[in-house]
Amino acid sequence: MDLLSTCPEILKEQPTDLKRKVQNLQKFVASVENVAKLILKCPRVLTLPLSKVRSVVGVLKENCMFKTAQVQTILTTTPVVLLETPENAELLFQYAFFAMGSTREDMVKAFLFRHKWEHIRSRHMFLERRGMYEPPDKTGKTKNPNPHLRDILATTTKDFLTQVAFASYEEYATFVSLLEQEEETDVDTSDMSSSDDDSEDTEDKTDEDTDDETDEDTDDETDETTKR
């Protein structure tokens with residue numbers, strides 16, 4: 001009853017389709033018990049097309065290169081990842097892996113895919129700009145140990161500020177606001193650049209058309225002179 005009250009859309013599914021979806025999930029999480037845990041945490045999974053589930057799992061296995069056991073853990077503890085687009089799931093992984101230097105094991109423990117991009121980036125950038133998070137080198141290593149990913153992401157704002165960042169709520173709120181403004185400025189700048197490129201392309205096209213017309217007029221004059 002809890003399941004259906006949380007996600008009544010399940011009632012619109014055909015019994016045969018539900019059975020196929022459960023069987024498909026069982027292939028990825030190994031047991032019926034794990035399927036039950038997954039569905040109870042995220043009932044909407046039963047309304048997803050099979051192709052959607054397979055594409056996200058494919059990204060976790062092939063693009064992100066999580067081990068089979070790690071994928072099972074991700075799906076049973078963080079099934080909301082299946083609601084993400086494959087591209088967004090890979091984006092979260094790439095940010096944690098390349099920008100933060102986190103290992104796959106760290107990501108699983110921190111429930112990485114349970115968090116939104118804005119949450120991950122704002123907490124990471126706040127620590128980095130305060131000199132409390134060292135960017136990894138090309139090999140993914142740092143001179144000094146960084147705070148654990150789980151402590152950064154899977155904590156309340158209060159615990160994050162008092163136990164990890166050692167900052168006030170006002171400092172963090174101001175930073176998040178400034179970070180949002182930076183992102184808006186970057187988007188505006190990108191849009192302007194695109195507009196400039198489009199304008200240049202239009203001008204180039206106009207010049208080419210003008211040159212073509214001039215060449216045609218010149219050819220016509222030459223033909224008339226030859227005939228005379």
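This is a predicted model: local features need pLDDT of at least 70, side-chain atom pairs count only at pLDDT 80 or more; totals for chains, interfaces and linings use all residues.

Mentor: Let us take α8, which has 13 residues and reaches 18 Å from its first C-alpha to its last, close to the 18 Å expected at 1.5 Å a residue.

In α8, the residues I120, R121, S122, R123, H124, M125, F126 and L127 are buried. As a general point, an α-helix has 3.6 residues a turn, so residues three or four places apart point the same way. Within the buried run, H124 has a relative accessible area of 1% and therefore counts as buried, the cut-off being under 20%. Once its neighbours within four places in sequence are left aside, H124 is in contact with Y95, A99, M100 and Y133.

Side chains of opposite charge can pair when their charged atoms come close. A search of the whole structure finds seven salt bridges, and one of them joins R121 to E183, with the closest N and O atoms 2.5 Å apart. This pair links distant parts of the chain, since R121 sits in helix α8 and E183 in helix α11 (residues 169-227), 62 residues apart. The two partners fall into separate accessibility classes: R121 is buried because its relative accessible area is 17%, under the 20% limit, whereas E183, with a relative accessible area of 29%, is partly exposed.

A salt bridge also forms between R129 and E182, and here the closest N and O atoms are 3.0 Å apart. R129 lies in helix α8 and E182 in helix α11, so the pair ties together parts that are 53 residues apart in sequence. R129 counts as partly exposed at 46% relative accessibility, and E182 is likewise partly exposed, with a relative accessible area of 32%.

Moving into the loop between α8 and α9 (149-153), we find R130, which E171 of helix α11 meets in a pairing that ties together parts 41 residues apart in sequence. The pairing is a salt bridge whose closest N and O atoms are 3.6 Å apart. E171 is partly exposed, with a relative accessible area of 40%, and R130 counts as partly exposed at 33% relative accessibility.

If neighbours within four places in sequence are left aside, the contacts of F113 are L60, F66, I74, T78, V80, V81, A89, L92 and F93.

N24 counts as buried because its relative accessibility is 4%, and its side chain is joined to that of R54 by a polar contact of 3.3 Å. Not counting residues up to four places away in sequence, N24 touches L50, V53 and R54.

To return to α8, the picture is of a helix with a buried run that includes H124, with R121 paired to E183 and R129 paired to E182.

Terms used. Residues are numbered from 1 along each chain as its sequence is written. Side-chain values use heavy atoms; hydrogens and water are left out. Buried means under 20% relative accessible area, exposed over 50%, partly exposed in between (1.4 Å probe, protein chains only). A polar contact is a pair of N or O atoms within 3.5 Å; within protein, one must be able to donate a hydrogen and the other to accept it, and residues adjacent in sequence count only if both atoms are side-chain atoms. Contact means heavy atoms within 4.5 Å. Helices (H or I, at least four residues) and strands (E, at least two) are DSSP runs, numbered from the N terminus. The expected span of a helix is 1.5 Å times one less than its number of residues. A salt bridge is a side-chain nitrogen of Lys or Arg within 4 Å of a carboxyl oxygen of Asp or Glu.
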